[in-house]
Amino acid sequence: MPQELILAAVLSLGAHPTGPLPGPDPRRLRATVERLATWPNRNTNNPSCREAAEWIAGEFRAIPGVQVELMPYDIAKGPRVPEAKSVVQVVATLPGTDPELAAHRVLIGGHLDTINMQAGANLATAIAPGANDDASGVAAALECARVLAARPHRRTLMFVAFTGEEQGLLGSGAMAKRAKAEGWKLDAVLNNDMIGNAVSARGDRQNRAVRVFSEDVAEHKGRELARWLEWHQRSRDPRHRVQLVFRRDRFGRGGDHTPFNQQGFTAVRVVEVHEDYRHQHTDLDLPKFMDWGYLARNTALNLHALHALADAEAAPRRVRVDRAQSYESTLTWEGNPDQTYAVYWRETTSPVWQGVREVRGLRHTDPTHHKDDHIFAVGAVGGIPVVAE
């Protein structure tokens, strides 16, 4: 293995003075999904949704150091909302410890609510256990909170159980608008929606990969977060890979990351490779159809990414490639001259980062990779890279 790839593996582990990060507990993940699936449905229009939200809030409150809020918001009458009402979603926060970086936030979320859209079903009251869609994402967020709360992190971590997703991303929309209005420094949002099913209705099976959807727009760094997730996971555990999909979401569909994108925040969607449409928005979305090992591996991907992002030092600013005609590629950036940064590169045709090198200071000259043929980026170790201009 080339030296730069070995270094990347070391950089991506997120070393911490308190020792290696424990993995997620598959038994706790399963217990959370099975408990949530005991509600006949968790439709946002019904009292059952609030009951489930209060139970999840109680699970978060049991974690030392975690602050919990039942965030209220109003929903208007619409195609999937019989009458206007006020509803709640769960927001759990683990405050950061760094005086300069604690105002920055990293968020993971899944949606708590469910819906049954089978022919003739009452959208609000029909049986909709929602084990995979999306108790799996909620369970992942809760398990990440349990593990990460055991050690300090520089940035503030947020763990959210959204509601209103099945009515048109209403809960995430309310939170994204709140984040914008209150001036949150929201560095990254990982939306996990259906991460526990490994087999499609026609028998396709993939339990060693997960898809990450992202946009490539100037308003946020969603694409670079996705690319970094792929690199981080490949360096940390190449046995379970990130499959990048370069579009906002699945064709003609949506998820809770999109309202954050629309407000200018960096957000991506994490979702299984093979969906079983027979179990989506039906009474068959049951725990017995889920792959608990697959859910645990996808949770681990999120866990280690959150750990790295929350502990990364400040990102560099104004990353530039020297315009001089030369055989070398010289990069400069603004930041802390005493900080260690990671310099990434990839060929112009490559969708993923192909190498990284550790650099101390605010300048680096690469004698091997020509700027005509490569794209460069610089990031804090464990942080989202900033593409050079």
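Buried residues are those with under 20% relative accessible area, exposed residues have over 50%, and partly exposed residues lie in between (1.4 Å probe, protein chains only). The structure shown is a predicted model, in which local features need pLDDT of at least 70 and side-chain atom pairs count only at pLDDT 80 or more, whereas totals for chains, interfaces and linings use all residues. Residues are numbered from 1 along each chain as its sequence is written, and side-chain values use heavy atoms, with hydrogens and water left out.

**Figure 1. Cysteines Cys49 and Cys144.** Cys144 is buried, with a relative accessible area of 0%. Cys49 also counts as buried, at 4% relative accessibility. A disulfide is a covalent bond between the sulfur atoms of two cysteines. The criterion used here is a pair of cysteine sulfur atoms within 2.5 Å, and a search of the whole structure finds 0 disulfides.

**Figure 2. The crossing of helices H2 and H8.** Helices (H or I, at least four residues) and strands (E, at least two) are DSSP runs, numbered from the N terminus. The axes of H2 (residues 26-36) and H8 (residues 292-311) come within 9 Å and cross at roughly 110°. Axes are lines fitted to C-alpha atoms, for helices over the stretch in contact, and angles run from 0 to 180 degrees between N-to-C directions. Angles under 35 degrees count as roughly parallel, over 145 as roughly antiparallel, 65 to 115 as roughly perpendicular and the rest as oblique. H2 and H8 are therefore roughly perpendicular to each other. On the H2 side, Pro26, Leu29, Arg30, Val33 and Glu34 take part, and they meet Trp292, Leu295, Ala296 and Thr299 of H8. The residues of this contact divide into 6 nonpolar, 1 polar and 2 charged. In this division Ala, Val, Leu, Ile, Met, Phe, Trp, Tyr, Cys and Pro count as nonpolar, Asp, Glu, Lys and Arg as charged, and the others, Gly among them, as polar.

**Figure 3. Asn298 in helix H8.** Asn298 belongs to helix H8 and counts as buried, at 1% relative accessibility. Contact means heavy atoms within 4.5 Å. With neighbours within four places in sequence left aside, Asn298 is in contact with Ile195, Val210 and His240.

**Figure 4. Thr156 in strand S4.** Thr156 lies in S4, which covers residues 156-162. This threonine is buried, at 9% relative accessibility. Its side chain reaches the backbone nitrogen of Gly96 at 3.0 Å. A polar contact of this kind is a pair of N or O atoms within 3.5 Å; within protein, one must be able to donate a hydrogen and the other to accept it, and residues adjacent in sequence count only if both atoms are side-chain atoms. Not counting residues up to four places away in sequence, Thr156 touches Thr93, Leu94, Pro95, Gly96, Ala102, His104, Arg105 and Val106.

Figure 5. Most residues other than glycine have a negative phi, and most peptide bonds are trans. The peptide bond from Asp133 to Asp134 is cis, with omega near 5°, and Asp134 is found in helix H4 (residues 131-148). Leu169 has a positive phi of about 60° although it is not a glycine. Leu169 sits in the loop between S4 and helix H5 (170-181) and is buried, at 17% relative accessible area. Met194, likewise not a glycine, has a positive phi of about 70°. The loop that holds Met194 runs between strand S5 (185-192) and strand S6 (209-213), and Met194 counts as buried at 1% relative accessibility.

**Figure 6. Asn192 in strand S5.** Asn192 is found in strand S5 and is buried, at 0% relative accessibility. The side chain of Asn192 reaches the backbone oxygen of Leu190 at 3.5 Å. Leaving aside neighbours within four places in sequence, Asn192 is in contact with several residues, including Asp134, Val270 and Asn302. From C-alpha to C-alpha, Asn192 and Arg211 are 10 Å apart in space and 19 residues apart in sequence.

**Figure 7. Asn336 in the loop between S10 and S11.** Asn336 is found between strand S10 (329-334) and strand S11 (340-347), where it counts as partly exposed at 34% relative accessibility. A polar atom of the Asn336 side chain lies 2.9 Å from the backbone nitrogen of Asp338. Not counting residues up to four places away in sequence, Asn336 touches Tyr341 and Leu362.
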